[in-house]
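User: I'd like to go through the labels on this structure and hear what backs each one. Please show it to me.

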Amino acid sequence: MAAKAVRQWERRLLCALGDCAADARVAGAARVLSWSGEHAAVWLLVGLAGAATDRTQRERWLRGTGLVGAAQLASMGIKRVVRRPRPEPAGRAPLVRTAGRHSFPSSHAASSGAAALALGGLRYGTPLAALAALICVSRLVAGVHHPSDVVAGAALGALVVRLGGAARPQGAQHPAPPGSAARGAEGAAG
């Protein structure tokens, strides 16, 4: 009974989001966001750019980028086992092409969830988390994932980061900007 209720809820949500895609601006944004998240491309670029520009945390940027890649690969492996077909929204074609025909879990959501935690914990947390959420929603608006695919993908990404130990501990602070008094004290102590 619960599974049937979940399927009905998912169908209603997909229809509502599909209606949003009738607006050309929303459809265009969904396409761009979906494209940028393909194969974790945007997250790999963010991670590598962070490693190239933030020398004090280069190792953490690279570890976070590796965890994003691991989440992407894990989701692709699970898809091959689960083999859930993509949704077929009534009356409309998907807005984007997909790399494969299997849906569960969403690889876009897995890499986005991992990036929000592993990379957002280093710098730009709120903007990266917002971009991650938008990429996840774009997959629903595009009509290529069930909502449970996206939730499971994001959870998988978070799990990979947790297991990889890259999440910033609660209460940890970003490093002080170069030249600040706090940074100078760190240098004197270490």
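User: What makes the nonpolar surface patch?

Analyst: Ile 78, Val 81 and Val 82 make a nonpolar surface patch of about 250 Å². Patches take residues with over 30% relative accessible area and no salt bridge; nonpolar side chains (Val, Leu, Ile, Met, Phe, Trp, Tyr) are joined within 5 Å, like charges within 9 Å. A salt bridge is a side-chain nitrogen of Lys or Arg within 4 Å of a carboxyl oxygen of Asp or Glu. Areas come from the Shrake-Rupley method with a 1.4 Å probe, and for residues only the protein chains shown count as cover.

This is a predicted model: local features need pLDDT of at least 70, side-chain atom pairs count only at pLDDT 80 or more, and totals for chains, interfaces and linings use all residues. Residues are numbered from 1 along each chain as its sequence is written, and side-chain values use heavy atoms, with hydrogens and water left out.

User: Why is Ile 78 called partly exposed?

Analyst: Buried means under 20% relative accessible area, exposed over 50%, and partly exposed in between. Ile 78 has 31%, so it counts as partly exposed. Ile 78 sits in helix α4, residues 58-82. Helices (H or I, at least four residues) are DSSP runs, numbered from the N terminus.

User: How do you know that the span of α4 agrees with 1.5 Å a residue?

Analyst: The expected span is 1.5 Å times one less than the number of residues. For the 25 residues of α4 that gives 36 Å, and the end C-alpha atoms are 36 Å apart, so the two agree. After α4 comes Arg 83, with a positive phi near 60 degrees.

User: Which residues of α4 are buried, and what covers them?

Analyst: The buried ones are Trp 61, Gly 64, Thr 65, Leu 67, Val 68, Ala 71, Gln 72, Ser 75 and Lys 79. Their cover includes α3, α5 and α7 (147-164).

User: Why does Asp 149 count as buried?

Analyst: Its relative accessibility is 0%, so Asp 149 counts as buried. Asp 149 lies in helix α7. Asp 149 touches Arg 84, Ser 103, Phe 104, Pro 105 and Ser 106, leaving aside residues up to four places away in sequence. Contact here means heavy atoms within 4.5 Å.

User: What joins the side chains of Asp 149 and Arg 84?

Analyst: A polar contact of 2.7 Å joins them. The term covers a pair of N or O atoms within 3.5 Å; within protein, one must be able to donate a hydrogen and the other to accept it, and residues adjacent in sequence count only if both atoms are side-chain atoms.

Notes. Helix = DSSP H or I, 4+ residues; strand = E, 2+ residues; numbered from the N terminus. Buried < 20%, exposed > 50% of the residue type's maximum accessible area, 1.4 Å probe, protein only.
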